Amino acid sequence: MSRTNKKRAFVLMWNPEVSNINVDQWARVVNHFQFEDLSWSVWDYKKANWGDRCYMVRVGNGNTGIVMKGSFASYPKRGSDWSGKGRTVFYCDLSIQHILDSERHSIITTEELQREIPTFDWTGGHSGRMLTRKETSKLDCLWEKYIAANQILIEQQRQQSYINIEKAAADKIIGFEHLINYFKEYWDDSYLDNPECVYSEDYYGDTCNLGFCCDYEKSEFRLKYMLQGAVLPIICKKPHVLKMNLDDGSCFLDWFRIYLVNEEHLKLEANGVEVICDEIHFSPVKKFTKKGYPVSI
């Protein structure tokens, strides 16, 4: 048995009629899942661990059944009650592997789940209940059959998960051509073979923040983002939210994403820095001539 199969499995419940995420918002999450940070309530939190697998089941009215497969990306943590009832609620962050919109995708339905695994209540109840080993084994088999029957959709989501710069966001970035010019010079073969590599996470590893500052008079946050062998100056204009978490192990050589929060605002995430702003400007890329990275690995 593989190490993955030894992980426990939990069933999360989503009822769009009472959840703070409705059907339309879920559709946006599905289209945008690689940029979404979801956490969900876990009833059996004392049994849950980082890395445990989870399935999300839509319940209530409408097209009900499995709409997500993933894993816990944190240990359970206490938070405010999502329902506003003042209960003690524990949440786990989610790492999404596959996510479905039951309004337009085929899913494993509630009826199928009840027929194949009748020992579990698939119609409601507490979110985040742990399955027994036998129930987990049966559900894994159902999911494997679903994956085999929906290869095109699964492959589309696999490719989507590797996108670091959302294309819709790139269209709004002023000076995005400077990043494209960098790819043409530094990754010429890759860019010629596939111009969309400019959006892919494969080219944003081993990067870091060289420096940043906030100009309050101009309402700008400026970042020197170090690519491989070059520096991309970035200006975030009219920032609304600025967060820094430079002590969580992700302050360098780790993370870079740009995406739309909504129609009016962009979000930049760069190695422990998060900015939500009105505009993002790229300046011409400059060569980095010093030896080695200016950080400790």
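A residue is called buried when its relative accessible area is under 20%, exposed when it is over 50%, and partly exposed in between (1.4 Å probe, protein chains only). By that scale Lys238, at 53% relative accessibility, counts as exposed. The structure is a predicted model, in which local features need pLDDT of at least 70 and side-chain atom pairs count only at pLDDT 80 or more, while totals for chains, interfaces and linings use all residues. Residues are numbered from 1 along each chain as its sequence is written, and side-chain values use heavy atoms, with hydrogens and water left out.

**Strand 6 and its partners**

- Strand 6 covers residues 89-99, and because eight of its 11 residues are buried, this strand is largely enclosed by the rest of the structure; strands here are DSSP runs of E with at least two residues, numbered from the N terminus.
- Strand 2 (residues 39-41) runs antiparallel to strand 6 and is joined to it by three bridges, where two strands are said to pair if DSSP finds at least two bridges between them; within this pairing, Trp40 stands opposite Cys92 in strand 6.
- Strand 4 (residues 65-72) also pairs with strand 6 in the antiparallel sense, over five bridges, and Met68 stands opposite Ile99 in strand 6.
- Strand 5 (residues 77-79) pairs with strand 6 over three bridges, again in the antiparallel sense, and Arg78 stands opposite Phe90 in strand 6.

**Positive phi at non-glycine residues**

- Ser219 has a positive phi of about 55° although it is not a glycine; this residue is found in the loop between strand 8 (208-215) and strand 9 (220-227), and with a relative accessible area of 29% Ser219 is partly exposed.
- Lys238 likewise is not a glycine and has a positive phi of about 55°, but Lys238 is found in strand 10 (residues 230-244).

**A nonpolar surface patch**

- Phe212, Leu242 and Met244 form a nonpolar patch on the surface, with about 240 Å² of accessible area together; accessible areas come from the Shrake-Rupley method with a 1.4 Å probe, and for residues only the protein chains shown count as cover.
- Patches are made of residues with over 30% relative accessible area and no salt bridge, with like charges joined within 9 Å and nonpolar side chains (Val, Leu, Ile, Met, Phe, Trp, Tyr) within 5 Å; a salt bridge is a side-chain nitrogen of Lys or Arg within 4 Å of a carboxyl oxygen of Asp or Glu.
- Phe212, one of the patch residues, is found in strand 8 and counts as partly exposed at 32% relative accessibility.

Definitions and conventions
Helices (H or I, at least four residues) and strands (E, at least two) are DSSP runs, numbered from the N terminus.
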